[in-house]
Amino acid sequence: MELKLNVYKGNEIEKIYTAESFRLMTGTCEEILEVVDIDKLLDGKLKDEEMGVEILKVVVKSFRLFCPLLQEVFVGLTEEEYHRTAIKEVANCVINVVQHTVSELFNIGGAE
């Protein structure tokens, strides 16, 4: 899976970070799981609107984790550069990283 993150200077792309593969460290996963109520999200009782609200709560609670998470994925990304990224692009990267990580968890014990 290729991930891409643009760093902007004004309206122009100044730098592009790409990552073909990545590994999230256990500490980062633990911090993310601390703000996610897995039981509530997976119990099947939430309506679409309620699910959206719960996901928004997770995003707000975990926003501080996005920069360190992306620094694990995009080697060399600085905090200053992170502050010059587009939120939509950050969100897409974070979603892809989380999906990839969940997939890896389901494949524990398989080939590396």
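Is Phe-66 buried or exposed? With a relative accessibility of 7%, Phe-66 counts as buried. Please keep in mind that this is a predicted model.

Let's begin with strands S1 and S2, which cover residues 3-9 and 12-19 and pair in the antiparallel sense over seven bridges. Together S1 and S2 make a hairpin, with two residues between them. Gly-10 sits in that turn and has a positive phi of about 70°.

## Asn-6, a polar residue to look at

Asn-6 is found in strand S1. Its relative accessible area is 6%, so Asn-6 is buried, given that the cut-off is under 20%. The side chain of Asn-6 makes a polar contact, at 3.3 Å, with the side chain of Glu-89.

Leaving aside residues up to four places away in sequence, Asn-6 touches Ile-13, Lys-15, Ile-16, Arg-84, Thr-85 and Glu-89.

## The largest nonpolar core

In soluble globular proteins, nonpolar side chains tend to be buried together. Here, the largest nonpolar core has 24 residues, and the members that touch the most others are Leu-5, Leu-70, Val-73, Phe-74 and Leu-77. Two or more residues of this core come from each of S1, S2, helix H4 (66-73) and helix H6 (87-106). H4 gives the largest share, five residues.

Not counting residues up to four places away in sequence, Val-73 touches Leu-3, Ala-19, Phe-22, Leu-24 and Val-97.

## Two aromatic pairs

How many aromatic pairs does a search of the whole structure find? The search finds two. In one of them, the ring centres of Tyr-17 and Phe-74 are 6.3 Å apart and the planes meet at 55°, so the pair is tilted. Tyr-17 lies in strand S2, while Phe-74 is in the loop between H4 and helix H5 (79-82), so this pair ties together parts that are 57 residues apart in sequence. Tyr-17 is buried, with a relative accessible area of 7%, and Phe-74 is buried too, at 0%.

Phe-63 and Phe-66 also form a tilted aromatic pair, with 5.1 Å from centre to centre and 50° between the planes. This brings us back to the opening residue: Phe-66 is buried at 7% relative accessibility, whereas Phe-63 is partly exposed, with a relative accessible area of 40%.

Methods
Residues numbered from 1 in each chain as written. Predicted model: local features only at pLDDT ≥ 70, side-chain atom pairs only at ≥ 80, totals over all residues. Heavy atoms only, no water. Pairing = 2+ DSSP bridges. Helix = DSSP H or I, 4+ residues; strand = E, 2+ residues; numbered from the N terminus. Core = buried A, V, L, I, M, F, W, Y, C linked by side-chain atoms within 4.5 Å. Buried < 20%, exposed > 50% of the residue type's maximum accessible area, 1.4 Å probe, protein only. Contact = heavy atoms within 4.5 Å. Polar contact = N/O pair within 3.5 Å; in protein donor to acceptor, adjacent residues only side chain to side chain. Phe/Tyr/Trp six-rings, centres within 6.5 Å; stacked < 30°, edge-to-face > 60°.
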